[in-house]
Structure formats: structure tokens, C-alpha cells
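Q: I have a structure open here and have never looked at it before. Can you walk me through a few parts?

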Amino acid sequence: MATLSHDLTIEILRGLSVKDLLRFKCVSKLWCSSIDDPYFIKLHLSHSLKTNTNHSLILRRWGYDFLSVNYDSLKTTQVINPPLTNSPIKILGSCNGLLALIDDKDRIFLWNPSTRKSQVLPSTEIEFSSTSISSAPSTYYGFGYEPISDDHKLVRMVQSHGNNDEYFHSEAKVYSLRSNCWRRIKDVCFYLKNRKFGFLANNALHWMVFKTPQSDNRNLVGFNLGSEEFHFLELPDFCLDKLFWEINNFVVDVWIMKEYGVKQSWIKSISWN
């Protein structure tokens, strides 16, 4: 190995699994510093995404630990214990090998299940007054990565409202891993229900929302992680008319937006009952 150039060594290492890289950090101080270097970490992630390798499915077991399933060999599984294992844990989101987790004491932390490294996020209070609120506020999260600023961000939205619009309290905040702090952003003017965690697509987080608490008409809203602004995306007309299910006639349709933000690009990919 001493005859290999540093660049060639990096080229070989970037194709290895995270498990092997953690072992090879013991080879030498140079290898250890190279593997821990942020540039190499990005290089390894980019290579894994391009080659569709080093993918694992993380499953929660009974709320206290997780099961890691290797995509390349579904028979390869491993039980992994996150930090704060004495508390039930929920997954808020995942991105680039990082999990955003929250325990029953509302402590939020980021965790890399491959390296076992974690970071507890600073706490942030709910800023709107709760003196006139008769029910506990509902909290919604989303976690993703913004490539231009090279920053992982966690979005938290808190809402409380009456059944008949007698009051509506809402706030939205964004946590930046790069700055390690929360910031208040423009509040939302729509109602969130059901799904607590946003899904990541096209560098934006998305939730199904409603214009009023009693409304059955759903809308898809996105949060751009770069501009940190909310925007609506139009659903196909079929979904607007038939976003419901009946127990005796259960039908599932899977729609795909081929061009992001273009209503006419929605196509129905799969349908079964």
C-alpha cells in the first residue's frame, strides 16, 4: 500500500462500505484523517448515490432500537441502538444517511446509524401564546438537505386551531445544522392534518394540507429548503375529486409527477384494488 499514491488510495476507499471504512481507520493516522475528512465523506456519499450502493433500510423495533437491513443482501440485518435508548424514539425524517429522531421528552437529535455518531439539537420554545388554547398544539416536522448551501435542515411547524375557525395559531421554524441554531420563518396559512412528517423530493419538503379544518379537499404544499419559502403544487383533477376510500371498495392509485411543479405532468403509474 505504501507504493500507492494518495489519490489512488482515496479512489479505492470511496468504493468500500461504511462498515469497512470504520475498520480501516485503524490502518494508519493518514487513513484515519482521510476517511474522516468532510471532502471524502461527500465523495463517498456521491459515489454511493451514483452506483446505488451502500443503501440500508432502517426499521424501528418496539420504539427503543432499530433494525438495519442491507439493500444489497436483504438477509443481512443488524440490530442497532440509537442514543437515548431509555426513551421511546420516533423518526422525523432521513437524508444522506442521517436520521432525525425525537424522544418522548421532545429532545431532537441527528444520528448516523453507520458511524453511531449523534448530535443533540438545541431546544426551541413555542412562541405563540397558549393561554386561550383548549387543546394541545400539533407539531409537524420535515428533514432534508440543501445542496447549494451544503446544509441539512429540519423544519418544525406547530399549529393549534378551533373546529370552527374561532382561532388559529401557527408558527414555523427551521434548524440549520451548519449554524446549529433555530430561526423563525414566515408562518403558514394552511391547516396540517394526519401525516406528521414531510417527505423530501426535488430539494423540498412536502405535506398534504387543507385550507380549512373541516375541508376534505387536500392540497400539496412544498417547502423549498434553499429559499425557505412555501409553495403549492397542483394535484391531478382525479385526486381532487376522489381523495377518499370506502371500506367495501378499497382502491389504491399511485400517481407520479414527471416534471416537478407542472400539473399536466401527473400520470397514474399503478392502480389496484
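Q: Which residue forms a salt bridge with Arg-183?
A: Glu-228 does, and the closest N and O atoms are 2.5 Å apart. A salt bridge here is a side-chain nitrogen of Lys or Arg within 4 Å of a carboxyl oxygen of Asp or Glu. This is a predicted model, in which local features need pLDDT of at least 70 and side-chain atom pairs count only at pLDDT 80 or more, while totals for chains, interfaces and linings use all residues. Residues are numbered from 1 along each chain as its sequence is written, and side-chain values use heavy atoms, with hydrogens and water left out.

Q: Where do Arg-183 and Glu-228 lie?
A: Arg-183 is in strand S11 (residues 181–185), and Glu-228 is in the loop between strand S15 (218–224) and strand S16 (229–233), so the pair ties together parts 45 residues apart in sequence. Strands (E, at least two residues) and helices (H or I, at least four) are DSSP runs, numbered from the N terminus.

Q: Is Glu-228 buried or exposed?
A: Glu-228 is buried, with a relative accessible area of 16%. Arg-183 is partly exposed at 32%. Buried means under 20% relative accessible area, exposed over 50%, and partly exposed in between (1.4 Å probe, protein chains only).

Q: How many salt bridges does the count come to?
A: The count is 12. One of them joins the side chains of Glu-171 and Arg-156 (2.9 Å, N to O). Glu-171 is in strand S10 (residues 168–176) and Arg-156 in strand S9 (residues 151–161), 15 residues apart. Glu-171 counts as buried at 1% relative accessibility, and Arg-156 counts as buried at 8%.

Q: New topic: which residues of helix H1 are buried?
A: In H1 (residues 6–13), Thr-9, Ile-10 and Leu-13 are buried. Seen down the axis of H1, the buried residues fall within an arc of 100 degrees, so they line one face of the helix. The arc is that of the directions from the helix axis to the C-beta atoms.

Q: What covers them?
A: The cover of the buried residues of H1 includes helix H2 (18–24), helix H3 (29–36) and helix H4 (38–51). Contact means heavy atoms within 4.5 Å.

Q: And at what angle do the axes of H3 and H4 cross?
A: They cross at roughly 65 degrees and come within 5 Å. Axes are lines fitted to C-alpha atoms, for helices over the stretch in contact, and angles run from 0 to 180 degrees between N-to-C directions. Ser-34, Ile-35 and Asp-36 of H3 make the contact with Pro-38, Phe-40 and Ile-41 of H4.
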